[in-house]
Amino acid sequence: MSEETWAWSDRLSLSYEPMDDTHREFVQLCGALAEDNPATFIQRLDALIEHSIVHFEQENNWMTETGFPPAACHKQEHDAVLEVMREVRQRVLAGDADLAPRLAEELPHWFEHHVDTMDNMLARFMATHPEKLSESEIAESGLSV
């Protein structure tokens, strides 16, 4: 997938605005990895890694706060994809430039699947259990108790 062919779409929307906003940013940063400029790949990857740390921690906090049953599995997937991004970063710095376009191609596939499954379940769980969210999360999401 290239930057031109993969972008935010309603297909990725989960109708939970705080999550959708974070996901829009992930899509933008992930799409930027496909840019054909090897000299700035690490900088673009670093921006995605920094975003992902905050993004995944936000979701991990929601899962903890709400008692989301499959939280451990969801968190494990977050940890695994961050590990892959960091490993690719190290290997590209060591001269394995072929991994850069491969990561740019594979991450959108992973993300779409992750949104369709794990994030979809989390968003639905939060929508059906708004009483488990903090008042600020409820206000931000547009959900009602």
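**View 1. Helices α2 and α4 in contact.** In this predicted model, α2 contributes Phe41, Leu45, Leu48, His55, Phe56, Glu59, Trp62, Met63 and Thr66 to a contact with Ala100, Leu103, Leu107, Trp110, Phe111, His114, Asp119, Leu122, Phe125 and Met126 of α4. Sorted by class, the residues of this contact comprise 14 nonpolar, three polar and two charged. The axes of α2 and α4 lie 13 Å apart and form an angle of about 15 degrees. Because angles under 35 degrees count as roughly parallel, α2 is described as roughly parallel to α4. The crossing of α2 and α4 is left-handed.

**View 2. Helices α1 and α2 in contact.** Helix α1 covers residues 17-32 and helix α2 covers residues 41-66; their axes come within 9 Å and cross at roughly 160 degrees. The two helices are therefore roughly antiparallel. Their crossing is left-handed. On the α1 side, the contact involves Pro18, Met19, Thr22, His23, Glu25, Phe26, Leu29, Cys30 and Ala32. On the α2 side, the partners are Arg44, Ala47, Leu48, His51, Ser52, His55, Gln58, Glu59 and Trp62. Nine of the residues in this contact are nonpolar, six are polar and three are charged.

**View 3. Helices α1 and α4 in contact.** Helix α4 spans residues 99-128, and its axis lies 12 Å from that of α1, at an angle of about 175 degrees. This angle makes α1 roughly antiparallel to α4. Met19, His23, Phe26, Val27 and Cys30 of α1 meet residues of α4 that include Leu107, Pro108, Trp110, Phe111 and Val115. Asp119, Leu122, Ala123 and Met126 of α4 also belong to this contact. The contact of α1 with α4 has 12 nonpolar residues, one polar residue and one charged residue.

**View 4. Helix α2 and the glycine after it.** Helix α2 contains 26 residues. From its first C-alpha to its last, α2 reaches 37 Å, close to the 38 Å expected at 1.5 Å a residue. Glycine 67 follows α2 and has a positive phi, near 70 degrees.

**View 5. A salt bridge in helix α3.** Aspartate 79 and lysine 75 form a salt bridge, with their closest N and O atoms 3.0 Å apart. Both residues belong to helix α3 (residues 71-93); because they are four residues apart, about one helical turn separates them. The model has seven salt bridges by the rule applied here.

Methods
Residues are numbered from 1 along each chain as its sequence is written. This is a predicted model: local features need pLDDT of at least 70, side-chain atom pairs count only at pLDDT 80 or more; totals for chains, interfaces and linings use all residues. Side-chain values use heavy atoms; hydrogens and water are left out. Axes are lines fitted to C-alpha atoms, for helices over the stretch in contact, and angles run from 0 to 180 degrees between N-to-C directions. Angles under 35 degrees count as roughly parallel, over 145 as roughly antiparallel, 65 to 115 as roughly perpendicular and the rest as oblique. A crossing is left-handed if the near helix is turned anticlockwise from the far one by less than a right angle, and right-handed if clockwise. Contact means heavy atoms within 4.5 Å. Ala, Val, Leu, Ile, Met, Phe, Trp, Tyr, Cys and Pro count as nonpolar, Asp, Glu, Lys and Arg as charged, and the others, Gly among them, as polar. The expected span of a helix is 1.5 Å times one less than its number of residues. A salt bridge is a side-chain nitrogen of Lys or Arg within 4 Å of a carboxyl oxygen of Asp or Glu.
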